[in-house]
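The stops below are to be selected in turn.

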Amino acid sequence: MNDNLATLDAQPEAIHQLASYKTLEVDELQSRIDAVRQQLGDSLLTLGHHYQQDEVIAHSDLRGDSYKLSQMAADSESCETIVFCGVHFMAETADILANRPDKLAERDGRRVNVILPDLAAGCSMADMAAISQVEAAWDDMSEVIDTEKVIPVTYINSAASLKAFCGKHGGIVCTSSNARAVIQWAFERGERVFFFPDQHLGRNTSLGMGIDESHMPVWDPYALDLGGNTEIAIQQSRVILWKGHCSVHQMFRAEHVHSFRKQHPEIKILVHPECPREVNDLADVSGSTGKIIETVERASAGTKWAIGTELHLVNRLKAEHPEQEIHFLSPVVCMCATMYRIDLPHLCWSLENLRDGAIVNKIEVDQQTAHWSLIALERMLAIK
Ligand code: SF4
């Protein structure tokens, strides 16, 4: 994990030790998880991200993408604890939204606890932009451009500290479904956009808005000067892209699309905009996780798809839509290995500790960071 992730400094002692859960059979884990969920009732909300493995999703009260899940959790009136079966930045966003000042006032100051069953469930993309690197880049670019006229935009798949950076500097958060509207918002307020941490979402969205790639330098945080760019490239930029990517979506290639089209000329290619440009440009449809699901749900029986997104989601769509022919776009396994760390032993361990009074793996964003992150999130929410 990088230097910008929030957890409680002092985690409480676990009553039950994790090691003993790793030897339990799946049936036993499942029945013990069910028992705790029943016992805690509405005070507990377990959230399952779309990319989560099936046996964990089976124990989720709600399923969705990270932002939708956090919003639903924040709107729950009876919830006292959220167990987020996703990755670290998602749990942070849930903590920020569920414990924002208006929600705290409604609950007479009572905080909602947010638990991530395995603290090692990070996100490789979020980890590619540490707050110290983003701050250094900002200072560095201020030598050649006026950063007062740069609007920082962070993808929601980022640490809370990056969202707070955007909040402080007149910037905003985006999701994969509203990135275009958010970049438009940014251009109404500044001359250029600094987009992090996913270069592909930033590039694919900006290309779709008619911005030429020659005006999108990529900022490499490990390069010595100006992220590896010339002064002129930064001065002529419209969107400065951070050199980060999702290790799952980065695996899809143009040759995968060509190969499917050769074998099945009628096939439709459906991809997530975190995929590289070469794939995104060739796709019939590109869109967020929500759009991918909706597109499949609305298609007529007999439609053939090759889908470029996380494997667990594609397999679930296959199982839920036997009337359509669904293929995974890549010949190699592309799954979110960090999300996969949340398994039944970790889930059972965190739930039984919770039931018995120990809140293990609690994610709590510090007040300042939460305040500025919320400002950036609220700017996004205000966009219609
Ligand atoms: S799929 Fe990619 S962006 Fe999403 S959590 Fe996993 S590594 Fe991060």
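Begin with strand S3 (residues 81–85), which pairs with S4 in the parallel sense over three bridges. Strands (E, at least two residues) and helices (H or I, at least four residues) are DSSP runs, numbered from the N terminus, and two strands pair if DSSP finds at least two bridges between them. Within this pairing, select threonine 81: asparagine 113 in S4 stands opposite.

The model is predicted: local features need pLDDT of at least 70 and side-chain atom pairs count only at pLDDT 80 or more, whereas totals for chains, interfaces and linings use all residues. Residues are numbered from 1 along each chain as its sequence is written, and side-chain values use heavy atoms, with hydrogens and water left out.

Next, display the open sheet, in which four strands with parallel pairing follow the order S2-S1-S3-S4. From one strand to the next, the twist averages 25 degrees.

Angles run from 0 to 180 degrees between N-to-C directions, with axes fitted to C-alpha atoms, for helices over the stretch in contact. Helix H15 (residues 344–355) also packs on the sheet, touching S1, S3 and S4, and its direction makes about 175 degrees with that of S3.

Finally, select isoleucine 307. Beyond its neighbours within four places in sequence, its contacts include Phe252, Leu270 and Leu329.

Technical notes. Contact = heavy atoms within 4.5 Å.
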